[in-house]
Amino acid sequence: MYYREAGRLVKSFADDRRMLPLKEDRLLSTLFVVGVMYILVTAFASDYLLSAIFIPMMVLGVATLGLNIATGYTGQLSLGTAGFMSFGAFAAFNLVLRVDWMYIPLAFFLAGVIAGLVGIVFGLPALRIKGFYLIVSTLAAQFFSEWIFNAYPWFLNYTTSGVVNLPPFHYRVFPFQELTPLNDAFWHSSRGRYLITLTITIALIVACKNMVRSSTGRNWMAVRDMDIAANVIGISVAKTKLMAFFVSTFYCGVAGAMYSYCYIGNLDFMIFNLRRSFLVMFMVIVGGLGSILGSFLGAIFVYGWPILITRLGDWIFGGGTLDTAFVENNSKIVVGTIIIVLLIREPGGFAALWNTTKQKLRVWPFSK
Amino acid sequence: MWEWLPFFLEVLVGGLLSGVMYSLVAIGFVLIYKSSGVFNFAQGTMLLLAALTFVSMTERQVNFWVAFSITLVLMVALGIIVERTVMRPLANQSLLSLFMATVGLNYFLEGLAQGVWDSAVHGVDLGISNDPIFLIEKFPNLGLDIIISQFDIAAAVIAGSMILGLTLFFQYTRTGLSLRAVSDDHMAAMAVGIPLNRIWAIVWAVTGVICLIAGLLWGDRVSVSFTLTAAVLKGLPVILIGGLTSIPGAIVGGLIIGASEKLGEIYLAEYFGGQGIEHWWAYTTALIFLMIRPTGIFGEKEIERV
Amino acid sequence: MNTSTDSKKPILVLDNINLSFKGVKAITDISFNVYEGEICAVIGPNGAGKSSMLNVINGVYIPQEGSITFEGRQFSKMKPGTAASMGIGRTFQNIALFAGMSTLDNIMTGRNSFHKATFWETALNMGRARREELASREEVEKIIEFLGLQSIRKTPVSSLPYGLQKRVELGRALAAQPKMLLLDEPMAGMTMEEKLDMSCYIQEVNANLGTTVVLIEHDMGVVMDVSDHVVVMDYGKKIGDGTPEEVMNNQDVIDAYLGVSH
Amino acid sequence: MSTDTPILSIKNIEVLYSRVISALHGVSIEVQKGEVVSLLGANGAGKTTTCKAVSRLLEAERGEVSKGSIEYNGVDIKTMSPYDMVKAGVVQVLEGRHIFGHLTVEENLLTGSFIRNADSASVKRDLEYVYSRFNRIKDRRKNLGGLCSGGEQQMVAMGRAMMAKPNLILLDEPSMGLAPQLIEEIFEIVKTLNEEDGVSFLVSEQNANIALKYAKIGYIIENGRVVLKGSAKELSESDSVKEMYMGGGGDEVSFSDVKYYHRRRPCMV
């Protein structure tokens, strides 16, 4: 590391509370976000990279962040992430379908709110039920969502196949679209969808970071670490838990909407199944409980590993040698092993590994 | 005015019988949770692994009992290995970490099971007749015109005797008493010289055996394939209703879920768009019970000390 | 600090409290008053029900019988949230800090009642949220300075030694600016140096802020020097109540706690 | 083995929890065969840690003996597990009793005998013997341990330890939460077990009076250090012990004048 905290005087509490206290950190992250993520990637990345790598990783990262808010920050185990995502996806679809003036960012936001309200309903038992018993509630949410969107065709606009394509010309991306320099076709392309996903993701990261560094986040963590003590110092445990469920499912809901609209381009209730819930949970564990950075590292790893293996296989043995079953089983074994090893060696996940590395670099080469 | 009764009874009995099979899965859960606080999510996959191992041998014309014994040994070994390599290094960690480790283990075993064997659907035939029994023919005096599945009865008897055996084992043997002591108080158990690791290894091994029996019964009923891992999802509401630490709870919970599932399917599904409610219905039932008793019917209510 | 007897006004009145767990009696018929501005020590052997008593006062346990009157408001059962909002602060015997958070954040949680910003205001870092954060930080920094915790401000509390954790816990309780502090063995397991520090903090808070203090303590030296009023419990019952001198000369107390003289 | 090898000899041990938090710094204690030794000190002084260091239960709480050694009958116990210790005849009766609440009194006692792999006849004999020593719990044999009173639980805990036929019992805070007459009764039993069955005891206590009445030797432990050692008689006559553990304000340090002193002192942390 070429820069460190030593010798910097923090002169006000406002400075001390900044998300990135170091000037260099701020500069580098701005450069990375604006220069790399916005300009370089948008300009040069291929369609494949955008729609099969960047978009899904960000979308899953947001879902992971959502689960992390409930489980990592507030200590409420949830196994219904995909279910909550599907509420967001279906809400967005029906909003766009049934409200004339609806446009995408607003639909995503409202979808998040609707999912959040559903989250509160399934979070209510948390006021009475604790620990593992609570997974009943979130699993109920999961199975309930799988069932309701299947049993009531209204949600899918009576489509017989069970899958709705989301053709781009069906929705408006922005209000006053005609006044913007970029046309609909751009926003419906992978580039446009990438920019939408990126912007929403960054906004959600900043919002989460803001909550975590203020009273909201402290109350979540207080309830997680010791709810009796939190109660004794006057934190309303019930309100804190419900709020955490709302925010958590809001994130999941937005992720679900983005999953349908920005990533796969169709709406399919089969996709938001229990397995996906678990995948998101793996991302949380691998990345690190209670870490924003970890949420994305986890998403990148768990989503990226099978792709990496396939690519490596193609590169070493020639195209198409590794069949999908092999890749799938391989990733299960690898991810499973990594989860166990991480839990034993570094319960903080990749995020903690990253921090230790940073810490070591900071004193390098003067100390091991 | 009692015309509905025979049919109701038929549904109820069918539900209760399948409930016994849920109990069997649930008991494996309870044993591990009771003794070590580990919520073993890998139960379903262990079950699949057992069934797959067995089937892949019988499909190669290996004798039933030989296959059974080999699988039994392998499952016991698996249990012991899991205890050694996963659970022991994680002792003293938070319950959440332990749970997540079993989720990881679940994923690992899933990949392994399908990697070593395959993901095709296999049949397993335990040689139990599938013919229904017409109760009115067998016992005309009862006057009940009910049809009961012979397989369900046989499965329930096997599962039931397994449960009975385990209950007796833990009630009256030295190991059983040690296990109950360990589940009550780890520290005290160590203080009187009960070797925790040995008890845990035994519990995981016993769970392996339960998985084999349950895997075969479930396998015969719904065929051996990836969907078998869903057995764990059947077991979950059962133990949560019964209380995570209670063997009688697992039995009662199994009966409740079994009955409620069948009754719900027959009598309630029509109000909910026709079909498919069984997945969430079991969980809703569990949720209702838990709202009344947050730690299950037989679960222990903890007094929180501060 | 001895308050003059004529100005004695009870801030807390416990009336005939009975508490049992699954039929096992933990507290039997306990009544006593705590007067405004005093330091009241509760002493007694381990397991005498002292901690349970504090838990009853701030609503963690609900007594089967009896009432609690705090500042003139009577409750048959107190709720922890109510207790906190009425100004009852608390530390615990087996430190109940939020293990995953830093010293600063732990103390900041103590100020939660001063934070009115909703979660979306905090998410957007809006004016009110920001102002409250900075105002709280200012107050918390005063406590950090008072308790000498500057150097461990950003250290996770789980990695702190026992004595410091106790101090952070006191800081968290102080951050709420309580009218009454319940301290459960604040000096247990401390070195003499740390005990001196802790008694200094307690007395200073009592003298300068007028905070009433109820503390459980085993060290008789501390009890004799610091407290204005001593309540003795044994086996769930009250066996003594009065000034330190009175209690020390009470034969029941000597028999039960200080030991049968030989 | 020479007769003067102490049954337990703790030599200058230090204990760390989680590799950082230091709980004991230099504790040395000796227990001779057939002796009752008491370990006095306040809450958190390190009594329980000392007992757990001997019974090897420390590791279950992420603690370890980082320096010094502990010898039982002249053999270093460094590599032994809690199981080995019980097998070798050292049983700890935990602070707070730790009865198996869902087991009956008799089942509680039986768990103590498992270590010996004894046949059922001899276990039965031992049960009778324990009941004869602890009369109070005989009638409660079919009751659940969790429903017994504090005194009965203490007796079950001690009886459970006796079922392992120990040579040395580490008795941690037996008086905790018990009425005075019951405390007396418990210590009378300790005396009987010591005199008639030859069991050595290391008793950790806060109640100095009762502990010194029944012990031969006493150690006073403060903040993880042994600060005083002596015969029970010496200790109970010592002024400083009287001051610290039997009431009475000390003159050396005044807690009430401390605030001015603190203000002038730079911060320690």
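This is a predicted model: local features need pLDDT of at least 70, side-chain atom pairs count only at pLDDT 80 or more; totals for chains, interfaces and linings use all residues.
On the domain 1 side of chain C, 16 residues make contact, and they meet 11 residues of domain 2. Together the two domains of chain C bury about 1,100 Å², and carbon and sulfur atoms account for 72% of that area. Which residues of domain 1 of chain C lose the most area to domain 2? They are Pro178(C), Met198(C) and Tyr201(C), which together make up 44% of what the domain 1 side buries.

Now the polar part of that boundary. One salt bridge is counted between domain 1 and domain 2 of chain C. There is a salt bridge between the side chains of Asp197(C) and Arg167(C), with an N to O distance of 3.7 Å. The number of residue pairs in polar contact between these two domains of chain C is three, with both partners at pLDDT 80 or more.

As for secondary structure, strand E7 (180–184) and helix H7 (192–209) of chain C each contribute at least two residues to the domain 1 side that touches domain 2. Of the elements on that side, H7(C) gives the most, with six residues. Sorted by class, the domain 1 side of chain C that touches domain 2 holds nine nonpolar residues, one polar residue and six charged residues.

Next, the chains against each other. Five pairs of chains touch, and among them chains A and B have the most contacts. Chain A and chain D, on the other hand, do not touch, and their nearest C-alpha atoms lie 15 Å apart.

The area buried between chain B and chain A is about 4,100 Å², with 78% of it from carbon and sulfur atoms. Within chain B, the residues that lose the most area to chain A are Met100(B), Tyr107(B) and Trp280(B), together 18% of what the chain B side buries.

How many salt bridges are counted between chain B and chain A? The count is two. Glu110(B) forms a salt bridge with Arg275(A), and the closest N and O atoms of that pair are 2.9 Å apart. Across the interface of chain B and chain A there are also six residue pairs in polar contact, both partners at pLDDT 80 or more.

Chain A has 15 helices and two strands. The C-alpha trace of chain A spans about 65 × 55 × 50 Å along its principal axes. The radius of gyration of chain A is 21 Å, which agrees with a compact globule, because a globule of 368 residues would be near 21 Å.

Technical notes:
Residues are numbered from 1 along each chain as its sequence is written. Chains are lettered from A and ligands numbered from 1 in the order in which they are written. Side-chain values use heavy atoms; hydrogens and water are left out. Contact means heavy atoms within 4.5 Å. Buried area is the accessible area (1.4 Å probe) that two parts lose on being put together, summed over both. A salt bridge is a side-chain nitrogen of Lys or Arg within 4 Å of a carboxyl oxygen of Asp or Glu. A polar contact is a pair of N or O atoms within 3.5 Å; within protein, one must be able to donate a hydrogen and the other to accept it, and residues adjacent in sequence count only if both atoms are side-chain atoms. Helices (H or I, at least four residues) and strands (E, at least two) are DSSP runs, numbered from the N terminus. Ala, Val, Leu, Ile, Met, Phe, Trp, Tyr, Cys and Pro count as nonpolar, Asp, Glu, Lys and Arg as charged, and the others, Gly among them, as polar. The radius of gyration is taken over C-alpha atoms; the globule rule is 2.2 Å times the number of residues to the power 0.38.
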